[in-house]
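Subject: Structure handover

Hello,

I am passing on the structure below, followed by notes on what was found in it. Please read the notes with the structure open.

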Amino acid sequence: MTFTSVSPEEFTALMHKENSFVIRAPISWNKVLEGTDLVMEQGDINEYKDVLPVDTTTQILVYCRRGNASRVICQQLSDVGYTKVINLEGGMYNLLGIRE
């Protein structure tokens, strides 16, 4: 299974949809968007099974600072059977317009 990456505008719109579950990967930056349901580390996805949605068709939105950690988590979620996994392309830097 795979996941989809979307623009900041699409991601923000999807966050406001009912029944979206939002995950923040906390790698080295502590900014968290309002409406975030879970902050998680990369690693064993099974450590979070008690807090992840039971319904594998729930829309799950994942973001991090630059988009790298969130892609890893998106793939892990897809690998365990979640079918509507969406990554914020370019992460928070892209969303906030931060350029280095």
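Two strands count as paired if DSSP finds at least two bridges between them. In this sense F21 has a bridge partner in β4, namely I60. Please keep in mind that the model is predicted.

The sheet

Five strands make up an open sheet, in the order β1-β5-β4-β2-β3, with parallel pairing. The edges are taken by β1 (4–6) and β3 (38–39); each has a single partner strand, so one side of each is left without a neighbour in the sheet.

β2 and β4 are joined by five bridges in the parallel sense. Besides the pair of F21 and I60, V22 stands opposite L61 of β4. On to β5: β4 and β5 also run parallel, and four bridges join them. There, I60 has V85 of β5 as its bridge partner. Between these two strands the chain passes through α2, and this β-α-β crossover from β4 to β5 is right-handed.

Strand β4

How many residues of β4 are buried? Five of its five residues are, and the strand is mostly covered. In a regular strand, side chains alternate between the two faces of the sheet. In β4, Q59, L61 and Y63 point one way, while I60 and V62 point the other way; all of them are buried.

The helices

Helix α1 (residues 8–15) lies across β1, β2, β4 and β5 (84–88), and runs at about 130° to β4. Helix α2 lies across β2, β4 and β5, and its angle to β5 is about 175°.

The cores

The largest nonpolar core has 17 residues, of which I23, L38, M40, L52, I60, V62 and L77 touch the most other members. At least two residues of this core come from each of β2 (20–24), β4 (59–63) and α2 (68–79). Which of the elements gives the most to this core? That is α2, with four residues.

L38 is one of the residues that touch the most other members of the core. Leaving aside residues up to four places away in sequence, L38 touches F21, V22, I23, R24, Y48, V51 and L52. Another core, of eleven residues, lies apart from the largest one; V6, Y63, I86 and L88 are among its members.

Regards

How values were computed: Residues are numbered from 1 along each chain as its sequence is written. This is a predicted model: local features need pLDDT of at least 70, side-chain atom pairs count only at pLDDT 80 or more; totals for chains, interfaces and linings use all residues. Side-chain values use heavy atoms; hydrogens and water are left out. A nonpolar core is a set of buried Ala, Val, Leu, Ile, Met, Phe, Trp, Tyr and Cys residues joined through side-chain atoms within 4.5 Å. Buried means under 20% relative accessible area, exposed over 50%, partly exposed in between (1.4 Å probe, protein chains only). Contact means heavy atoms within 4.5 Å. Axes are lines fitted to C-alpha atoms, for helices over the stretch in contact, and angles run from 0 to 180 degrees between N-to-C directions. A crossover is right-handed if, with the strands pointing away from the viewer, the path from the first strand over the helix to the second runs clockwise.
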